[in-house]
Amino acid sequence: MIKALRKKHLQVWTLLAILLPVGIIAAAIALPEQQYDKLLQPASTGALPVLVKINEMAGYTVSLRSSQDKTSWQLEWNNKSTLTSPSALIYQVDKSGDDISNALLIGRIDGKGVFRFGLRNSANDAAYHFVLYDIIHHRQINTVDF
Amino acid sequence: MGASYAAVGWNRQKKIYDWLIFGFCVLYLATFIVLTAVSNPDYTFETVLVRSTSTLALLLLHIILSIGPLARINNKFLPLLYNRRHLGVTMFFVGMVHGAFGILQFHSLGNVNPFVSLFTSNTHYGSLADFPFQALGFFALLIFFLMAITSHDFWLHNLTPKVWKTLHMFVYAAYFFIIMHVMLGVIQYETNPVFIIILAIGSVTLITLHLIAGTKEVKKDSIKYTLEKQGFVRVCSVNEIEEDRAKMFCLEKERIAVYKTNGKLFAVNNVCKHQNGPLGEGKIIDGCITCPWHGYQYLPQNGQSPPPFKEKVSTYDVRIEGSEVWLNPKAYAEGTERPGAVIVIESNKANVEI
């Protein structure tokens, strides 16, 4: 190694000796208190005020929310543990037992945390049916009916 | 050596080195997959592949970055330095598998081009917890790609050593990107402090090794030689130089290697023409100064590579008075023949002539 390069290496590593610890400590401080995974979450929306229905399932809680005047509807999906399928899609189907071929794609969930998706209005509070689908392995993971 | 460009010149040492790398990678991946299957049987294979390749690439990167300073600190690590680029290319391929599966898993399910999605799905550049860490990984992989495709000597010659080395110095920026990619990515939700501690230990180890090696080298360069006479500087005594070995001295711009062989002292520029290896850390083999890094050779009396090779280094005048070695830091043109300094042992005194 030539002299100029030796000097440059020492300068670079002196700089890294400052930047690396600062970066690691800053990232450690930024760790969220609530463990959540929002890898590709769109900008999160607030929860609508009325909790219409709640469905407790193994590993996640699915809730149906609406505004006070029932003009806006929201699906709230709370993953309590990391999904075994890393990217699962939520489809809305017309009735329970339907497959996703004519379903409406609601959104995607990645891991632990709360996910909220807007829904179209429903004439009937209990008219929502959802399918949780593993797009990579092409298999239905679960269904949720309200 | 550089008579003509050739594809990888496989020799026994390279083959052993490469088989060891291959075996290590296979063993690591297999162990990781098995352990994950036992401890987290619900994980999909894609997730295991993403994580196993990421941790392997990170481990390889730490090994690669530690070889240089270790070889500076202790010569026993020099064999690892010889084919370090093979490790680097392997690390790139492993990282590429990780990146490819990551993009496939997280960005290829929508209407947007996956590479566009990589940069547009998360634009929270102002937030640490939500920082688009995947972009950091992408740029690091891009640097590794450029390094991998220019790792052959062909590029070293055609880009010129200065440009080539500048490009390859970007590995340090890539290392920083990777550490932040991990800290702002997976560590943000796999919050077990053990992972942070392991990462910190890796970084601290590398920083320590590089600072120790760098400080040691700078100290060598800082030694002042004050005795001067007729352009010659007194550097050491004859007995300090082993037979068929050299001692290096930094005078003015660059180090000079003074070799003792066949009863004479010769002085050549310390920098090998191949990849700037330290000629003074080599030895005389078959009458030639042999670079410890890749075996390039030079005749001590004129700094020329033996035919048919064409590399040349500068030569210098050296003389002995009593038992003291005096060196003239003024370099002759590369390949200039110089007679060297004859070591004459006479009643416990050494005399010289140039």
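Analyst: Start with strand pairing. Two strands pair if DSSP finds at least two bridges between them. This is a predicted model. In chain B, I289(B) has Y298(B) of β8(B) as its bridge partner.

User: How many bridges join β7 of chain B to β8(B), and do they run parallel or antiparallel?

Analyst: Two bridges join them, and the strands run antiparallel. Here β7(B) covers residues 288–290.

User: What is the strand order in the sheet of chain B?

Analyst: The order is β6-β7-β8. The sheet is open, has three strands and pairs antiparallel. β6 (283–285) and β8 (297–298) of chain B are the edge strands. Each has a single partner strand, so one side of each lacks a neighbour in the sheet.

User: Now domains. Into which domains is chain B divided?

Analyst: Domain 1 spans 12–221, and domain 2 spans 228–351. Their centres, taken over C-alpha atoms, are 40 Å apart. Contact between them involves seven residues of domain 1 of chain B and six residues of domain 2 of chain B. On the domain 1 side, α3 (78–82) and α10 of chain B each supply at least two residues. α3(B) gives the most, with three residues. By class, that side has five nonpolar, no polar and two charged residues.

User: On to the chain contact. How is the size of an interface often given?

Analyst: Often as the accessible area lost when the parts come together. Here we can count residues instead. The contact takes 42 residues from chain B and 37 residues from chain A.

User: Which elements of chain B give two or more residues to the side that touches chain A?

Analyst: They are α2 (45–73), α4 (84–107), α8 (161–169), α9 (171–183) and α10 (193–222) of chain B. α10(B) gives the most, with eleven residues. The side of chain B that touches chain A divides into 23 nonpolar, eleven polar and eight charged residues.

User: How do I read the packing of α1 of chain A and α10(B)?

Analyst: Take angle and axis distance together. Helix α1(A), residues 3–29, packs with α10(B) at about 155 degrees, with axes 9 Å apart. Angles over 145 degrees count as roughly antiparallel, so α1(A) is roughly antiparallel to α10(B). Their crossing is left-handed.

User: Which residues meet there?

Analyst: From α1(A), they include W13(A), L16(A) and L20(A). From α10(B), they include L199(B), I207(B) and L211(B). K3(A) and R6(A) also take part, as do E217(B) and D221(B). By class, the contact of α1(A) with α10(B) has 13 nonpolar, four polar and four charged residues.

Definitions and conventions. Residues are numbered from 1 along each chain as its sequence is written. Chains are lettered from A and ligands numbered from 1 in the order in which they are written. This is a predicted model: local features need pLDDT of at least 70, side-chain atom pairs count only at pLDDT 80 or more; totals for chains, interfaces and linings use all residues. Two residues are in contact if their C-beta atoms, placed from the backbone, lie within 7 Å. Helices (H or I, at least four residues) and strands (E, at least two) are DSSP runs, numbered from the N terminus. Ala, Val, Leu, Ile, Met, Phe, Trp, Tyr, Cys and Pro count as nonpolar, Asp, Glu, Lys and Arg as charged, and the others, Gly among them, as polar. Domain bounds come from an automatic or database domain assignment. Axes are lines fitted to C-alpha atoms, for helices over the stretch in contact, and angles run from 0 to 180 degrees between N-to-C directions. Angles under 35 degrees count as roughly parallel, over 145 as roughly antiparallel, 65 to 115 as roughly perpendicular and the rest as oblique. A crossing is left-handed if the near helix is turned anticlockwise from the far one by less than a right angle, and right-handed if clockwise.
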